[in-house]
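Hi everyone, thanks for coming. I'd like to walk you through one structure today, so let me put it up on the screen.

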Amino acid sequence: MTGTHPGELVLAIRPFTKGLAYVFAEGPLSPIDWGAKEIIGAKWNARCFAAARALLDHLKPDVLVLAKEEETARGSSGRAQRLLNLMANHAHGQSIEVCRYSRTDVRTCFADVGAVTRHEIAEAIASQIPAFAHRLPPPRRNWDNESPRLYLFDAAALVMAHYCARPSPDID
Amino acid sequence: MAEGSAISTAFARWPSWATIKIRRCDLDIADSSFLSMPKIQCYVLTRRKEWCLTQDELAKLVGSYREKIRAIENGTTRPTADELMAFAFIFSHTAPDLFPAYADSVQDEVMAAAAQLSKKFERDKTQKGRRKTRLLQDMLARVTSHVEYV
């Protein structure tokens, strides 16, 4: 079976250098809970994993959606890859299905609306989900750091990529 | 066939309304796309975050306190009638939309009581009795309108 079940609860977690962004949803446009947990300093991996585990235990999703390893490892790291593997392994242990989507999958999902860059994808999400609209960061200038808020949209994009890849039988 | 006997036959299919719950669960296991119980206890957290409110701010709006809001969001306690009305007004959503699991459990209790009353109303052949039976029929139709038993 490739389709999502109606009411399937999906949790997307997107780790970044200063913590974790997550979106918990029951449909492509129906987020239930979302946010970012700031985690900086020593033992980043262990603390991020503990935060992810707490999210999985509290929210009890049916599916955990993660970015594909090679796509997350931009710049730094095996560290992020190890964290994703830890999360996936924990989810498997809890009988939670794990799905991984690459940036190509996400871009394919948003190709129809003409969104290619991360910011364009974030804008497309903000226009569809009013709850996220006020969190849209301004476009990044070359000398600016990445806004942590953009990672929330990365997580939302993973959720949408999941529903795009496995559409519900109810959704045309 | 009299209205009374029709509804009692309908209720007789499920001697106790609680049986419906078991059937729903069975159906869920067999084919979860057929019918699903609400997995989310309440949507207060979702609506609160949608409007960027803190638990403290929402508590002030509702006339409650932060710990109660947290407990309601976690599904460990139920809102009072005042809080329920306040949530519905604040977020412009109906109570069953905000608390689907709570609404389902209340509905099950009401239908269990209706099943008991239907036996009494069945024997009442007066105008009033038929009117009451009609109400129970409507209730049953509303509950089963989204359910197709095979």
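Predicted model: local features only at pLDDT ≥ 70, side-chain atom pairs only at ≥ 80, totals over all residues.

Let's start in chain B, with helix α4, residues 55-62, and helix α5, residues 66-74: their axes come within 8 Å and cross at roughly 105°.

Which residues of α4(B) and α5(B) meet? From α4(B) we have B:Gln55, B:Asp56, B:Leu58 and B:Ala59, and on the α5(B) side they meet B:Arg66, B:Lys68, B:Ile69 and B:Arg70. Sorted by class, that contact has four charged residues, three nonpolar ones and one polar one.

Now over to chain A. Its secondary structure comes to five strands and seven helices, and along the sequence the pattern reads β-β-β-α-β-α-α-β-α-α-α-α. Of its 172 residues, 35% are buried. And if you take the chain A contacts with a separation of 6 or more, 64% of them are between residues 24 or more positions apart.

On to the nonpolar cores. The largest one has 48 residues, and A:Ile13, A:Tyr22, A:Ala155 and A:Val159 have the most contacts inside it. Helix α7 of chain A, residues 149-165, gives this core its largest share, eleven residues. Have a look at A:Val159: leaving aside residues up to four places away in sequence, A:Val159 touches A:Val10, A:Ala12, A:Val23, A:Ala25, A:Pro28 and A:Val65.

There is also a second, separate core of eleven residues, including B:Tyr43, B:Val44, B:Leu45 and B:Ile69. Thanks, and I'm happy to take questions!

Terms used. Residues numbered from 1 in each chain as written. Chains lettered and ligands numbered in written order. Helix = DSSP H or I, 4+ residues; strand = E, 2+ residues; numbered from the N terminus. Buried ≥ 20, exposed ≤ 12 C-beta atoms within 10 Å, placed from the backbone. Contact = placed C-beta atoms within 7 Å. Axes fitted to C-alpha atoms, helices over the stretch in contact; angles between N-to-C directions. Nonpolar A, V, L, I, M, F, W, Y, C, P; charged D, E, K, R; others polar. Core = buried A, V, L, I, M, F, W, Y, C linked by C-beta atoms within 7 Å.
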